[in-house]
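Dear colleague,

Please find below the structure I am passing on to you, followed by an account of what was found in it.

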Amino acid sequence: MRILTIGPVGVVAMQRVLTWLAARDAEVWVVDDNDTYSALVPEGFHFSSLPLTPDPATGDPQAAAVQALRRLAAQFQPQVVHLHNVTALGLAGVEAGLGPLLISTWGALALRAGQAAADLSDATRQVLAAADALIVDAPALLEPARALARPGGRVEWLPLGADTERFRPGRTEAALLWRTLFGIPDDAFVLLSPRMWGAFYGHQTIVAAFALAHPHFTRPTRLALVGLGDGPQALPHMAERWPAVAASAAADVRWLPRIRYQHMPTLYALSDAVISYPDFDSFAATLVEAAACQLPVITPLLPTYRGTFVERVCTLVEPDSLSALAEAMIQVVNQPPEARQARLAQGRAAVEQDYADAVIEPRLWALVEQLARGS
């Protein structure tokens, strides 16, 4: 099977799919708009970097990439072209007429609370409408995606999922060591915010809610935030919230370094609950991984979470509500562990049934084979 894959190699979601393709002995040509993460491409795969630079004659940044992609496709003769996310380079692939075209939409269709459809640019709509098959990661996105797909195009719910052999419940020896390294007592309850930094992920509300809840915890509690070793002063969107935290709870906040994907199971294992509080989302791998580890999850019920295990097993809070998030933290920290075990076990069972790599990878490969056959 010859597959031309276009997208940001540095993103874990794409790396995981490339690993699956390598295990299938597929012949793959990977194209990114830069070579920063080219070393992450599996051995034996082809790789090309196509920077989007303006055409000297027209000023069009797509033109050179379109021609380069046409030449590459003529040489490689791909049976399937897989776009990861909707990017400018993906638009060049559409304008180059590549196909059959499979698109993993990732966050392109993320919704805010109260939204039924995402706000999309004309370019994004053009890319999505060119797909022979669209992959969405939440059931609630099936109908919005069908409205954007071309007539006859397929729309499939195929979440990225998690490796349930690696993401599993229990405190490991490595996790105990990490607690020591990060100054977290063995008896402390750890609230983990594992998502990347950005104002739309709500970290400023998370730290403020932690300060509000802090006096009401009945056990030692730490808030762990990932990926910002320099602390809050490096984040403009934290500036307004941090002084209140610094005055009361700063000593119990831990600024962890960026954690590589292969070490994420240890990060979950050192934690006792996960907080994900984005303004908008498609469907975060964080939720799946935390559920696989049988950790309580605090999150708003965004439109893309409806119809999933999130409704049944997570602690749901109002979006954009500092007081509601603080109350949820107090509830989760102070609740006896045995009171939530049955619900957390249901969460892992749901992941094993619908989100495990052992389920998702064969479904993705079957879709690729069907597109290659024209069926």
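An open sheet is formed by 7 strands in the order E3-E2-E1-E4-E5-E7-E8, with parallel pairing, where strands (at least two residues) and helices (H or I, at least four) are DSSP runs numbered from the N terminus, and two strands pair if DSSP finds at least two bridges between them. Strand E3 (46-49) and strand E8 (154-157) stand at its edges with a single partner strand each, so one side of each has no neighbour in the sheet. E2 and E3 run parallel and are joined by 4 bridges, and His46 in E3 is the bridge partner of Trp29.

This is a predicted model, in which local features need pLDDT of at least 70 and side-chain atom pairs count only at pLDDT 80 or more, while totals for chains, interfaces and linings use all residues. Residues are numbered from 1 along each chain as its sequence is written, and side-chain values use heavy atoms, leaving out hydrogens and water.

A further open sheet has 6 strands in the order E11-E10-E9-E12-E14-E15, and its pairing is parallel. Its edge strands, E11 (253-256) and E15 (315-317), each pair on one side only. Strand E14 (residues 297-300) pairs with E15 in the parallel sense over 3 bridges, and Thr315 in E15 is the bridge partner of Ile298.

In helix H1, Ala13, Met14, Arg16, Val17, Leu18, Trp20 and Leu21 are buried (under 20% relative accessible area, with a 1.4 Å probe and protein chains only). The buried residues of H1 pack against strands E1 (2-6), E2 (27-32) and E4 (80-84) and helix H14 (357-373), contact meaning heavy atoms within 4.5 Å. Just after H1, Asp25 takes a positive phi of about 60°.

Best regards

Conventions
Buried < 20%, exposed > 50% of the residue type's maximum accessible area, 1.4 Å probe, protein only.
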